[in-house]
Amino acid sequence: MCDLVARTGRHQQRYEDGRRLVAGCIPFRYRADETSGDEQKKVVEVLMINSQSGPGLLFPKGGWENDETVEQAAAREAIEEAGVRGDIVQFLGFYDFKSKTHQDACCPEGMCRAAVFALHVKEELASWPEQSTRRRTWLTVPEATSQCRYQWMQEALLTGFSEWHDNWSKGGSAGGDPI
């Protein structure tokens with residue numbers, strides 16, 4: 001049984017310029033590269049979850065509410081949907097998309113703007129609010145790219161996360177010291 005409860009409803013949902021504002025993250029971790037024989041070499045993996053409405057995998061994301069910062073919303077969604085906690089280490093960008101399932105009076109066209117962050121996973125929870133409907137899967141970036149359900153999430157992975165991570169892991173200045 002999970003003590004955490006997922007937020008539901010739209011009464012505190014944020015909107016801007018006719019778009020619903022959402023927050024999400026690309027959870028990541030490192031594992032030793034068994035194929036290279038070099039125990040020091042690490043492979044980055046990203047965490048994806050199943051979609052509740054069809055094939056393909058997603059990154060955790062959901063509504064950004066009035067009583068939280070966008071970073072808090074992204075971290076909350078990671079806990080609720082994927083059952084992971086960690087550190088938000090970098091803002092990756094805004095990504096616009098059209099939602100077929102989230103059209104309402106404030107956003108009749110279903111337009112959304114997602115703020116996406118890189119989240120370095122520190123803990124995988126044994127139970128989490130959406131565990132009965134979500135499966136989590138760790139994938140390499142190429143595997144995640146091929147299984148990603150939405151084009152905008154693929155773009156966030158390739159142009160946001162991968163470009164930032166390549167720079168960061170080489171000791172670049174974006175987002176702090178590499179792990």
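The structure is a predicted model, in which local features need pLDDT of at least 70 and side-chain atom pairs count only at pLDDT 80 or more, while totals for chains, interfaces and linings use all residues. Residues are numbered from 1 along each chain as its sequence is written, and side-chain values use heavy atoms, with hydrogens and water left out. The protein chain contains three helices and eight strands; helices (H or I, at least four residues) and strands (E, at least two) are DSSP runs numbered from the N terminus.

**Overall architecture**

- Read from the N terminus, the elements follow the order β-β-β-β-β-α-β-β-β-α-α.
- The protein chain has 179 residues, of which 46% count as buried; buried denotes under 20% relative accessible area, with a 1.4 Å probe and protein chains only.
- Of the contacts (heavy atoms within 4.5 Å) between residues at least 6 apart in sequence, 69% join residues at least 24 apart.
- Carbon and sulfur atoms account for 48% of an accessible surface of about 9400 Å², computed by the Shrake-Rupley method with a 1.4 Å probe.

**Helix H1**

- Helix H1 comprises 13 residues, 70-82, and reaches 18 Å from its first C-alpha to its last, close to the expected 18 Å; the expected span is 1.5 Å times one less than the number of residues.
- H1 is largely enclosed by the rest of the structure, because 10 of its 13 residues are buried.
- Among these buried residues are Val70, Arg76, Glu77, Glu80 and Glu81.
- The packing partners of the buried H1 residues are strands S2 (19-32), S3 (42-50), S5 (61-63), S6 (84-98), S7 (111-124) and S8 (136-140).
- Gly83 follows H1 and has a positive phi, near 65 degrees.

**Nonpolar cores**

- A nonpolar core is a set of buried Ala, Val, Leu, Ile, Met, Phe, Trp, Tyr and Cys residues joined through side-chain atoms within 4.5 Å.
- The largest such core has 36 residues, and Ile26, Phe28, Val46, Phe59, Val116, Leu157 and Phe161 touch the most other members.
- Helix H3 (residues 151-169) supplies the largest share of this core, seven residues.
- Apart from this core lies another, of eight residues, including Leu21, Trp64, Val70 and Ala115.
- Leaving aside residues up to four places away in sequence, Leu157 touches Ile26, Val46, Phe59, Val141, Ala144, Thr145 and Ser162.

**Cysteines**

- The count of disulfides is zero, a disulfide being a pair of cysteine sulfur atoms within 2.5 Å.
- Cys25 counts as buried at 1% relative accessibility, and Cys112 counts as buried at 0%.

Terms used:
Buried means under 20% relative accessible area, exposed over 50%, partly exposed in between (1.4 Å probe, protein chains only).
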